[in-house]
Amino acid sequence: MSVPFGAVVVTYFPTDEQVANLHSLAASCPRLCVIDNTPQVDGWHPALVEAGVPVLHNGNRGGIAGAFNCGIAELEARGAELFFLLDQDSKLPPGYFDAMCEAATVARGREGEREDDAAFLIGPLVHDTNLDALIPQFGLEGKRVYQFDLRQPFTEPLMRCAFMISSGSLISRGAWARVGRFDERYVIDHVDTDYCMRALGSEVPLYLNPHVVLRHQIGDIQARSLFGWKIHFINYPAARRYYIARNALDLSRAHVRAFPAILFINVYTLKQILPMLMFERDRLKKTIALVLGCFDGLFGRLGGLIEAHPRVGKYLMSRSE
């Protein structure tokens, strides 16, 4: 018997193409729930509601973490036992839900618990459409973290892993009950990293399903050439720079003793500094955001940027002319 599942799709100023994609998803997912984080209610909501897809306007309360919490609560109330998390721009291959649900059946068998209590998270291989390449995946043996060789074929149906991004992943109802809600104090970046760390701390396994590939755009990556070297950069707004730096440092402080490999999430912050200073817009504003994020991360100051720093936050979140 198939496991009842549902999917949460978080939207934020979606394009017409992305709204059309929501209608397509409704045909393959019996329990689809759209959480709109756009500040104001938009005109595309009624057509989806008429098609039988609930659209809940979250208005960015709690950021993407708040949207996930709102959507999973809705799916749980509708009887789902597997909760998929999707971004508005995720492109699902044919048979995606079936393949991931089959992987969930394998995971349930491994856990040796009652089926409805089995706790696990499963993520697919992710193909970054910007770089036209699979993003690195990391395996887990005890506390040892190692990088999978994605050039070699996988022979196992599931592989234990250390991290996964939220887009395309699934959470079992047992895992949701054991790990709890997403932490809305992180707002956006590393919300999924925090959930993975808490899952591992609660002895909830993370699995990679290496036989399913999700095409996903990770940011708006651009490239410039410098002395023959191709340098990639993501022109994130200043507020995102703040959250990336702050949340990575806070998670490192919280989990480094139990899970030393968590320190590697700061490498992403460091790798982006030089390209940001060389090629991006609003460099001064982003530098201030980065320094402020590091300070707050070291001292555990979480929550929304505006709430933590009203005056500076408004400056960092303001649009440049």
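Colleague: How many cavities of 30 Å³ or more does the structure hold?

Modeller: The structure holds 1 cavity of 30 Å³ or more. This is a predicted model, where local features need pLDDT of at least 70 and side-chain atom pairs count only at pLDDT 80 or more, while totals for chains, interfaces and linings use all residues. Residues are numbered from 1 along each chain as its sequence is written, and side-chain values use heavy atoms, with hydrogens and water left out.

Colleague: What makes a space a cavity, and what makes it a pocket?

Modeller: On a 1 Å grid over the protein atoms alone, a cavity is a set of points where a 1.4 Å probe fits but cannot get out, whereas a pocket is an open set with protein on both sides within 12 Å along at least five of seven lines. Lining residues have an atom within 4 Å of a point.

Colleague: Which residues line the largest cavity?

Modeller: Among them are Leu-85, Met-164, Phe-182, Asp-192, Tyr-195 and Cys-196, and helix H6 (residues 191-201) gives the largest share of this lining, 3 residues. The volume of the largest cavity is about 60 Å³, a volume being the space filled by probe spheres set on the points, which are joined across faces, edges and corners.

Colleague: Which helix gives the most to the lining of the second largest pocket?

Modeller: H1 does, with 4 residues, and the second largest pocket holds about 160 Å³ of space. Helices here are DSSP runs (H or I, at least four residues), numbered from the N terminus.

Methods:
Helix = DSSP H or I, 4+ residues; strand = E, 2+ residues; numbered from the N terminus.
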